[in-house]
Amino acid sequence: MRLYMFEAGVLKSQKQYFTLNQGYGDTFDVPVPFFLIDHPKGKVLFDTGNALEVVNNKEEHWGGVLAAYDPVMTEEQWCVNAIKKVGVEPEDISYVILSHLHLDHAGGVGHFPNARYVVQRDEMHFAYVPDSYMKGAYIRKDFDKDVDWMILEGWEQDRFDLFGDGSIEIWFTPGHTPGHQSILVNLPNSGPMFFAADACYTKSNLEDGVLPGLMWSAGETVKSVERMRYLQEARGVKVVTGHDPESWKSVKQAPEYYD
Ligand SMILES: [Zn+2]
């Protein structure tokens with residue numbers, strides 16, 4: 001089993017969106033990560049980054065949200081093209097697990113013809129009718145597609161074991177959005193790694209108790225982050241945060257990999 005980490009460009013943003021009430025107006029440019037797991041039973045993507053439209057047409061595609069999050073991505077960094085660099089074609093992907101359906105995560109939906117797309121029911125519902133403060137972060141034309149959806153049912157299916165061998169578990173981690181999910185990957189040599197996505201943006205969200213600047217529920221966010229702290233402190237799991245420019249520098253990016 002191999003795990004590759006990719007960057008679908010960056011979002012040019014400001015600190016207060018990632019750390020509540022801290023760093024107003026401070027420039028904060030964050031990576032947009034996504035991940036490929038090459039498992040003997042199938043190739044799996046966790047998230048897909050921004051849509052291709054971001055490269056040449058971001059004003060029309062993202063609209064007003066650009067004022068807070070301005071994406072910079074090349075055509076080569078788009079998920080479909082990026083995985084080709086490690087010899088993987090879109091047709092080879094069996095599962096696309098989506099942490100949630102925000103615009104910087106769901107941009108590749110519909111481009112993997114043989115994949116099942118794994119998403120939480122609560123996320124799907126909220127994405128179609130989001131509350132007003134999150135409307136800009138859901139772009140319906142990115143995810144409103146006739147693909148093979150595999151719907152998970154929140155706490156009832158928490159820690160869903162994708163291949164039945166304990167290698168990839170899907171954890172329900174609501175808070176950022178109602179139906180957010182993260183994955184725990186048990187790698188034979190590198191050990192267990194937890195991919196938080198936006199359930200935990202940065203190291204300070206994880207370790208200093210700083211809330212993120214954008215969330216659906218503060219209470220659920222805290223509970224999800226506590227689970228990650230437990231994994232890190234009690235079980236020695238490496239937690240990979242969702243949008244941390246500093247932590248991101250210390251990971252191996254594709255074509256390098258973890259195994
Ligand atoms: Zn995000």
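The model is predicted: local features need pLDDT of at least 70, side-chain atom pairs count only at pLDDT 80 or more, and totals for chains, interfaces and linings use all residues. Residues are numbered from 1 along each chain as its sequence is written, and side-chain values use heavy atoms, with hydrogens and water left out.

Start with helix H1, residues 53-62. Helices (H or I, at least four residues) and strands (E, at least two) are DSSP runs, numbered from the N terminus. Which residues of H1 are buried? They are Val54, Lys58, His61 and Trp62. These four cover an arc of only 105° around the axis, which puts them on the same side of H1. The arc is that of the directions from the helix axis to the C-beta atoms. An α-helix has 3.6 residues a turn, so residues three or four places apart point the same way. Now turn to the other side of H1. There, Asn56, Glu59 and Glu60 are exposed. Buried means under 20% relative accessible area, exposed means over 50%, and partly exposed lies in between (1.4 Å probe, protein chains only).

What do the buried residues of H1 pack against? Their partners are strand E1 (2-14), strand E4 (70-72) and helix H4 (140-143). Just after H1 comes Gly63, with a positive phi of about 60°.

Next, the aromatic rings. A pair of aromatic rings is described by the distance of the centres and the angle of the planes. Rings of Phe, Tyr and Trp (its six-membered ring) pair if their centres lie within 6.5 Å. Planes under 30 degrees apart count as stacked, over 60 as edge-to-face, and the rest as tilted. Across the whole structure, a search finds 17 aromatic pairs. In one of them, the ring centres of Tyr17 and Tyr69 are 5.4 Å apart and the planes stand at 45°, so the pair is tilted. This pair links distant parts of the chain. Tyr17 is in the loop between E1 and strand E2 (27-39), Tyr69 is in the loop between H1 and E4, and 52 residues separate them. Tyr17 is partly exposed, at 25% relative accessibility. Tyr69 is buried, at 14%.

Another pair joins Phe35 and Phe195. Their ring centres are 4.6 Å apart and their planes are at 55°, so this pair is tilted. Phe35 belongs to strand E2 and Phe195 to strand E11 (residues 191-197), 160 residues apart. How accessible are Phe35 and Phe195? Phe35 is buried at 5% relative accessibility, and Phe195 is buried at 0%.

Return to Tyr17. Ring pairs link Tyr17, Phe18, Phe28, Tyr69 and Tyr201 into a cluster. Leaving aside neighbours within four places in sequence, Tyr17 is in contact with Ala68, Tyr69, Tyr201, Pro212, Gly213 and Leu214. Contact means heavy atoms within 4.5 Å. The C-alpha atoms of Tyr17 and Leu214 are separated by 6.0 Å, although these residues are 197 apart along the chain.

Lys15 is also in the loop between E1 and E2. Lys15 is partly exposed, with a relative accessible area of 22%. The charged end of Lys15 sits over the ring of Phe28, 5.4 Å from its centre. A charge sits over a ring if NZ of Lys or CZ of Arg is within 6 Å of the ring centre and within 35 degrees of the ring normal. Arg2 lies over the face of Tyr257, at 3.9 Å from the ring centre.

Finally, look at the spaces. On a 1 Å grid over the protein atoms alone, a cavity is a set of points where a 1.4 Å probe fits but cannot get out. A pocket is an open set with protein on both sides within 12 Å along at least five of seven lines. Lining residues have an atom within 4 Å of a point. Grid points are joined across faces, edges and corners, and a volume is the space filled by probe spheres set on the points.

The largest pocket has a volume of about 190 Å³. Its lining has 17 residues, with Lys238, Val239, Val240, Thr241 and Ser247 nearest its centre. Strand E12 (238-241) is among the elements that supply at least two lining residues each. E12 gives the largest share, four residues.

There are two cavities of 30 Å³ or more. The largest cavity holds about 120 Å³ of space. Among its 14 lining residues, Tyr69, His102, Leu103, Asp104 and Leu214 lie nearest its centre.
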